[in-house]
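Here is a short tour of a two-part model, written to be read with the viewer open.

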Amino acid sequence: MANIPIIDELFTTPLEPVDGVKLAGSRCKDCDEVFLGKVIGCENCGSQNIDAAALSSEGKLYTYTVLHVPPRGDYKGPREPFVPLGIGLVELPEGCRIMTPLTINDPELLKVNMPMRLIIDTFYTDAEGNEVFSFKFGPK
Amino acid sequence: MHWKGNNMRDVAIIGAGIHKFGRFDKSYSEIASEAIKMALKDAGIEWNQVEVAYAATASRELPLNAGPKAAQVLGKTGIGISGVDSACASGGVALNNGVNAIKSGSCDICAVFGVEKIPRGLMDPTPRYERWQIEMGLSTNPSYWAMSAVRHMHEYGTTEMPLAKVAYKNHKYSVHNPYAMYQKAFTLEEILNSPVVCWPMRLLEICSPNEGAAAVILCAAEKADQYTTKPVFVAASVHKLAKYSADFRAPVVQMSARVKNDNPTIVAGRKAYELAGIGPEDIDCAEVQDTDAFMELTHYEELGFCAEGECGQMIDSGATELGGKIPVNLSGGIISKGEPIGASHLGQIVFLVWQLRDQLDAVQVKDAKVALGQVTGAMGHTAVTILKR
């Protein structure tokens, strides 16, 4: 049994311990665009001259919504009953806006530009007993 | 011997047919073939006169080769029939293929149709999203549309009311469209009190994937008068994908805060106006993608019907109502018709052909000469078609 990421190469380091782990990113050495996770080429300029780059763990909320109907497919969040899910785009200082679940699901408590911080946490236990880690953002 | 240059021909629509959008206890082949038969009858031709056909489908609910299988119900005449999947723009791309086939001189008569059969509710995310996005709940299309709306509200002070007004308008006109899934008018109060799907979007403000088909028969313009006294000409047929970070359509993992590219509807619209030699001020009526009410509003801006940030004022002013400057979605839009994805753009085209032939009743735009249809969807697949009579 181990702590594993929900998708390979999502985080900068192994998840034991979780403290200090960041979202892994890629930076284009030609145009400076930054991407979540590992990318093969730069979608902006087409360069394949890419460096690994850890993403900042703080940013601001660019936009948001609250989903009130359960998603189809293998959603691993609470289903019975479904708990409305806050979703947002969080803008990081590197110049990218990451699509992410939010810790808040009340639109009255969400505001564009509010400061946000990254939370890396266990999300579910898989069939082999591994703790699967994902990310979300909450207010700073 | 010298190549004699560009011998491009104009293209006319000589037949239009549709199968109602909704939910039906019949196969996709029956649904598609009914729309094709209606288009053939409208054109006054038989299936064995069609020289090539293009089919639009965009869901995994249909088998491989669904397009050819559906059309061959009418006879295995041996013509080339190929399928197109370009998400919500599939119909526009199939039409584009047909237009180009005729322009190239490779045929004189071409059938273009779209068909879909998608179950009720949110769409299956597995064909379009990564496993981790689905597990984390980031795989519902309306949540992306809603985030786009929230940002617009922040930047321009848009409120919930313009969204409700778009839904009100489209549902209002749907009662005149016997091919719409929902033919029911709702009050603004009913719309604003309908359940939230993705805040701030409500159930009566978003479309529902469903079943249906639509078809057109294309003909070389120089031969169209052999078949019809009311040809409708394809003045522009454009397909684009979103440039990097240019669009908020699902599935998006991230957007750039540094790079700003024009939305694909702006890009495709600009190209279509250029090809047709007109501008937005020349459009007499339009059918645009109202996957949700907010999308219709942004398309007013992206297609140049109004200035950036002024879509709320445009719906308030009544400019997009029947009798207004540019009536939009007088068919009821897909908010009321539902969205059989492969068929939705061709459904727009069929309705606009009827407008340009002056054959509608309650929602006929007086003296309509130029019409625009637009769809946009996953990956920013966007099609804009301009028709002229």
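## A cut-off to start with

Buried means under 20% relative accessible area and exposed means over 50%, with partly exposed in between. At 45%, Asp367(B) therefore counts as partly exposed. Please keep in mind throughout that this is a predicted model.

Asp367(B) is worth a look for its backbone too: its phi is positive, about 60°, although the residue is not a glycine. You will find Asp367(B) in the loop that links helix H12 (341–356) to strand S11 (370–376) of chain B.

## Chain A at a glance

Along the principal axes, the C-alpha atoms fill a box of roughly 50 × 40 × 30 Å. The radius of gyration is 16 Å, which agrees with the value near 14 Å that a compact globule of 140 residues would have.

Of those 140 residues, 49% count as buried. The accessible surface of chain A is about 6700 Å², and carbon and sulfur atoms account for 49% of that area. If you look at contacts in chain A with a separation of 6 or more, 48% come from residues 24 or more positions apart. On the charge side, there are 13 positive and 20 negative side chains, with the centres of the two sets 5 Å apart.

## Strand S5 of chain A and its partners

Strand S5 of chain A covers residues 58–67 and is mostly covered, with eight of its ten residues buried. Which strands pair with S5(A) in the antiparallel sense? One is strand S8 (residues 115–125), over three bridges, and another is strand S6 (residues 85–91), over seven bridges.

Glu58(A) stands opposite Arg117(A) in S8(A), while Lys60(A) stands opposite Glu91(A) in S6(A).

## Thr100 of chain A

Is Thr100(A) buried or exposed? Its relative accessibility is 0%, so Thr100(A) counts as buried. The residue belongs to strand S7 (residues 96–101) of chain A.

Leaving aside neighbours within four places in sequence, Thr100(A) is in contact with Gly86(A), Ile87(A), Gly88(A), Val90(A), Phe135(A), Lys136(A) and Phe137(A), and also with Leu138(B) from chain B. For a sense of distance, Ala54(A) is 46 residues away from Thr100(A) in sequence and 17 Å away in space, C-alpha to C-alpha.

## Chain B at a glance

Chain B has twelve helices and twelve strands. Its radius of gyration of 20 Å is close to the 21 Å that the globule rule gives for 389 residues, so chain B is as compact as a globular protein of that length. The C-alpha trace spans about 60 × 45 × 45 Å along the principal axes.

In chain B, 64% of the 389 residues count as buried. Among contacts between residues at least 6 apart in sequence, 76% join residues at least 24 apart. The mean positions of the 37 positive and 42 negative charges are 3 Å apart.

Strand S8 (residues 232–240) of chain B pairs in the antiparallel sense with strand S1 (residues 11–22) over two bridges. Here Val232(B) is the bridge partner of Ile13(B). S8(B) also runs antiparallel to strand S12 (residues 382–388), joined by seven bridges, and in S12(B) the partner of Phe233(B) is Lys388(B).

Lys337(B) lies in helix H11 (residues 333–337). With a relative accessible area of 4%, Lys337(B) is buried. Its contacts beyond four places in sequence include Phe21(B), Asn177(B), Met181(B), Asn210(B) and Glu287(B).

## Backbone details to check

Most residues other than glycine have a negative phi, and most peptide bonds are trans. Asn113(A), in the loop between S7 and S8 of chain A, has a positive phi of about 80° although it is not a glycine. Asn113(A) is partly exposed, at 39% relative accessible area.

Where are the cis peptide bonds described here? One runs from Glu80(A) to Pro81(A), with omega near 0°, and Pro81(A) sits in the loop between S5 and S6 of chain A. Another runs from Trp199(B) to Pro200(B), again with omega near 0°; Pro200(B) is in the loop between strand S5 (196–198) and strand S6 (201–202) of chain B.

Technical notes
Residues are numbered from 1 along each chain as its sequence is written. Chains are lettered from A and ligands numbered from 1 in the order in which they are written. This is a predicted model: local features need pLDDT of at least 70, side-chain atom pairs count only at pLDDT 80 or more; totals for chains, interfaces and linings use all residues. Side-chain values use heavy atoms; hydrogens and water are left out. Buried means under 20% relative accessible area, exposed over 50%, partly exposed in between (1.4 Å probe, protein chains only). Helices (H or I, at least four residues) and strands (E, at least two) are DSSP runs, numbered from the N terminus. Two strands pair if DSSP finds at least two bridges between them. The radius of gyration is taken over C-alpha atoms; the globule rule is 2.2 Å times the number of residues to the power 0.38. Contact means heavy atoms within 4.5 Å. Lys and Arg count as positive and Asp and Glu as negative; His and the chain ends are not counted. The place of a charge is taken as NZ of Lys, CZ of Arg, CG of Asp or CD of Glu. Accessible areas come from the Shrake-Rupley method with a 1.4 Å probe; for residues, only the protein chains shown count as cover.
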